[in-house]
Amino acid sequence: MIKELTKILGFSLKNEALYEVAFTHKSYLNEHPSGECNERLEFLGDAVLELVVTEFLFRKYPEKPEGELTSYRSALVRGKHLAEISEELNLGKFLKLSRGEEKSGGRKKSYILANTAESLIGGIFLDRGFATAEKFILKHIIPRISEIIEKGLHRDAKSKLQEYTQDVLGITPHYQLVTEKGPDHDKLFVMAVYLGEKVIAEGEGSSKQKAELDAAENAVKKLNIDEKTKEPK
């Protein structure tokens with residue numbers, strides 16, 4: 001793993017044990033209780049990521065107000081975006097999962113991949129320092145900011161969906177819980193978004209709020225709302 005990861009990251013790893021932890025999902029500890037999962041590194045990586053993104057946006061867009069910068073930042077650190085970065089870097093292959101999580105497709109689950117990206121950033125920060133963690137973020141996460149702004153992806157999907165459906169269809173979307181599964185410490189929620197009695201899309205997440213947002217994002221994509229509401233140049 002370490003050799004492949006070094007190639008992906010582009011720098012040598014000083015404390016290899018940190019990266020073993022960074023890719024250890026908490027489910028793995030059910031079968032290997034003597035280890036350590038990546039939740040603490042995820043907590044640290046989330047803070048490092050937010051700081052780097054905040055400083056970048058502050059310097060990059062000096063004319064933008066606080067509210068707009070906040071929406072840009074939210075889009076960059078959003079779970080769906082981080083999961084896409086993890087997929088591009090093929091980080092899922094390094095994950096240590098329980099047999100059950102493995103069978104359920106854990107290596108492809110968006111919320112697990114997003115958390116893994118954050119735990120990796122936390123590991124890089126502890127291993128190589130802030131400057132290296134910043135370089136990783138600037139190289140792999142920041143470059144999508146132009147696309148995010150151009151396509152309006154920084155706008156909250158729930159607001160975007162509601163505005164469109166109310167204006168065009170005269171219907172306010174509502175959300176219902178489809179299912180929740182897993183132990184209390186590792187819940188996965190599936191929410192459905194409805195227009196009237198019709199299910200438009202479903203989404204999943206580690207909380208109902210995150211699952212609702214994922215459902216809204218899937219609905220926006222399915223209804224092609226971004227293209228329909230794009231302002232003419």
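Reader: Which residue of strand 2 stands opposite H174?

Author: Opposite H174 stands Y194 in strand 2. The model is a predicted one, in which local features need pLDDT of at least 70 and side-chain atom pairs count only at pLDDT 80 or more, while totals for chains, interfaces and linings use all residues. Residues are numbered from 1 along each chain as its sequence is written, and side-chain values use heavy atoms, with hydrogens and water left out.

Reader: Why are strand 1 and strand 3 called edge strands?

Author: The three strands form an open antiparallel sheet in the order 1-2-3. Strand 1 (174–181) and strand 3 (198–205) each pair on one side only, and they are the edge strands.

Reader: How do you know that strand 2 is largely enclosed by the rest of the structure?

Author: Buried means under 20% relative accessible area, exposed over 50% and partly exposed in between, with a 1.4 Å probe and protein chains only. Eight of the eight residues of strand 2 are buried, so the strand is largely enclosed. Both faces are covered: L188, V190, A192 and Y194 lie on one side, and F189, M191, V193 and L195 on the other.

Reader: What makes the pair of F23 and F94 edge-to-face?

Author: Rings of Phe, Tyr and Trp (its six-membered ring) pair if their centres lie within 6.5 Å; planes under 30 degrees apart count as stacked, over 60 as edge-to-face and the rest as tilted. The centres of F23 and F94 are 5.5 Å apart and their planes stand at 65 degrees, so the pair is edge-to-face. F23 lies in the loop between helix 2 (16–22) and helix 3 (39–60), and F94 in the loop between helix 5 (79–89) and helix 6 (99–103), so the pair ties together parts 71 residues apart in sequence. F23 has a relative accessible area of 0% and is buried; F94, at 5%, also counts as buried.

Reader: Why are Y61 and Y72 described as edge-to-face?

Author: The ring centres of Y61 and Y72 are 5.6 Å apart and the planes stand at 65 degrees, so the pair is edge-to-face. Y61 lies in the loop between helix 3 and helix 4 (66–77) and Y72 in helix 4, so parts 11 residues apart in sequence are tied together. Y61 is buried at 12% relative accessibility, and Y72 is buried at 1%.

Reader: How do you know that the charged end of K158 sits over the ring of Y175?

Author: A charge sits over a ring if NZ of Lys or CZ of Arg is within 6 Å of the ring centre and within 35 degrees of the ring normal. The charged end of K158 is 4.9 Å from the ring centre of Y175 and sits over that ring.

Definitions and conventions. Helix = DSSP H or I, 4+ residues; strand = E, 2+ residues; numbered from the N terminus. Pairing = 2+ DSSP bridges.
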